[in-house]
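My entries follow the order in which I looked.

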Amino acid sequence: MNFSEAFKLSSLLCKFSPDGKYLAACVQYRVVVRDVSTLQVLQLYTCLDQIQHIEWSADSLFILCAMYKRGLVQVWSLEQPEWHCRIDEGSAGLAASCWSPDGRHILNTTEFHLRITVWSLCTKSVSYIKYPKACQQGISFTRDGRYMALAERRDCRDHVSVFVCSDWQLLRYKMLLYSLDGRLLSVFCAYEWSLGIKSVAWSPSSQFLAVGSYDGKVGAEQHTWGHSSWQTTWPHARGLPQVRVLNHVTWKAITEFEHPTNINNPKIPILRGGAGLSRLQVVYKEAEKSPQQALDHPAFPPCRAAAGLSSPESKYEIASVPVSLQMLKPAADRANPKIGIGALAFSPDSYFLATRNDNVPNAVWIWDVRKLRLFAVLEQLRPVRSFHWDPQQPRLAICTGGSKVYLWSPAGCVSVQVPGEGDFQVLSLCWHLHGGSLALLSKDHFCLCFLDSVEVGTAGGQRGDHT
């Protein structure tokens with residue numbers, strides 16, 4: 001594992017291009033575009049003010065730079081550096097900006113979410129969409145870029161509307177889950193009279209839809225096909241945060257993954273609906289290495305900045321049951337409580353599902369989707385900030401805001417110290433599309449981590465193909 005030099009940047013603004021050839025990073029009001037393989041500077045763009053958001057177009061030909069404080073968006077061309085576009089939202093202000101999938105339209109959300117303005121770079125036409133809901137992920141596009149789903153707030157009720165991206169007109173259907181020809185496939189409700197769905201993720205194979213909820217007292221799933229409908233409900237005695245996995249044929253839940261904080265024996269009931277017991281493979285617990293262990297087993301070959309490491313190295317140990325995971329008691333009198341399944345993601349082969357229960361913030365749960373069972377649990381020393389799968393293989397990268405990056409695969413897991421002068425705090429990370437490198441981001445810097453396949457020892461004496 002090799003790390004490039006760390007570069008100064010502004011507020012975590014560092015993005016790989018979709019084709020994997022370039023890396024764009026912001027330094028206040030400048031955008032620096034580098035070649036990924038050589039890190040040579042290819043283009044340098046200067047904006048009118050400090051940049052709060054950057055985004056590549058889908059074809060990697062344009063870069064969008066949003067300056068929310070000024071209500072401005074500037075677009076730069078990689079092929080024609082002399083060409084640029086400036087969009088000024090004026091008194092309406094700017095709260096968010098993103099590309100459409102075709103890379104030729106920009107969607108700007110005004111302040112207070114009064115409307116979304118769609119700007120065409122080709123025809124210079126403008127379209128307006130009213131009533132966008134103020135939420136983090138209110139817009140989503142189909143893979144082919146033909147349709148857009150938008151969360152709306154109208155008449156004191158929440159709606160999901162589908163728009164045709166060719167003319168940005170409403171496809172006259174309300175939906176939770178629709179086919180592309182407009183048929184209502186399924187309406188899903190985890191339970192009533194409480195906080196509901198918190199996170200959703202499609203499997204790359206499109207065979208499964210994972211739905212994370214806040215709690216699991218009562219679950220209900222309503223399915224509608226033409227004029228016929230049916231409803232299934234299931235009781236839950238313990239009210240544990242759950243992930244329900246729906247299949248793509250009937251849109252019924254094929255299993256429910258519960259997240260208990262106490263693991264009392266190697267066999268725990270993790271499937272509902274009479275599916276029986278499933279064996280827990282392993283619980284990995286992060287532990288700090290003693291000074292002598294760190295000297296005897298360095299995490300990587302010595303480098304010139306090794307003397308600057310300020311945090312202790314760590315390793316994974318296999319825990320003996322019973323295991324009690326650290327639980328955070330949420331504040332009942334505050335909005336957006338830290339409970340429920342706040343993050344979930346499928347591996348690229350759809351064989352594994354990684355989840356995080358927000359009131360057990362130090363743990364990552366990894367489920368075997370093929371066998372519908374819990375495969376492993378990783379308990380970190382610090383709360384998990386982010387995790388992402390390698391795009392090419394079932395390998396999970398985790399960061400906790402410390403100076404380490406953690407990697408898991410079915411063969412085991414490893415903790416790697418990030419070299420550098422001082423304490424490089426990894427706040428987020430992203431993979432290169434080929435899976436050979438990682439961009440690790442701190443508050444003011446980023447560095448590239450290059451992965452080499454070598455044989456290393458893993459927790460519990462296992463051996464596998466790791467970095």
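The entries below cover the basis of the model, the salt bridges and the sheet.

**Basis.** I note that this is a predicted model, in which local features need pLDDT of at least 70, side-chain atom pairs count only at pLDDT 80 or more, and totals for chains, interfaces and linings use all residues. Residues are numbered from 1 along each chain as its sequence is written, and side-chain values use heavy atoms, with hydrogens and water left out.

**Salt bridges.** I recalled that side chains of opposite charge can pair when their charged atoms come close. I took a salt bridge to be a side-chain nitrogen of Lys or Arg within 4 Å of a carboxyl oxygen of Asp or Glu. The structure holds 14 of them.

I looked up Lys198 and found a salt bridge to Asp358, with 2.6 Å between the closest N and O atoms. This pair links distant parts of the chain, 160 residues apart: Lys198 lies in strand E21 (residues 197-202), and Asp358 in the loop between strand E34 (352-357) and strand E35 (363-368). Strands here (E, at least two residues) are DSSP runs, numbered from the N terminus.

Is Asp358 buried or exposed? I used these cut-offs: buried is under 20% relative accessible area, exposed is over 50%, and partly exposed is in between (1.4 Å probe, protein chains only). Asp358 is buried at 11%, whereas Lys198 is partly exposed at 26%.

I then examined Arg153 and Asp158, whose side chains meet in a salt bridge at 2.8 Å, N to O. Arg153 is partly exposed, with a relative accessible area of 41%, and Asp158 is also partly exposed, at 47%.

A further entry concerns Glu317 and Lys315, which form a salt bridge at 3.6 Å, N to O. Glu317 is partly exposed at 38% relative accessibility, and Lys315 is partly exposed at 24%. I also noted that salt bridges with shared partners join Lys133, Arg153 and Asp158 into one network.

**Sheet.** I next traced an open sheet of four strands in the order E7-E8-E9-E10, with antiparallel pairing. Two strands pair if DSSP finds at least two bridges between them. Strand E7 (53-56) and strand E10 (84-88) are the edge strands, each pairing on one side only. Neighbouring strands of the sheet are turned by 15° against each other on average, direction ignored; the axes are lines fitted to C-alpha atoms, and angles run from 0 to 180 degrees between N-to-C directions.

Within this sheet I checked strand E8 (residues 62-67) and strand E9 (residues 72-77), which pair in the antiparallel sense over six bridges. Which residue in E9 is the bridge partner of Cys65? I found Gln74 in that position.
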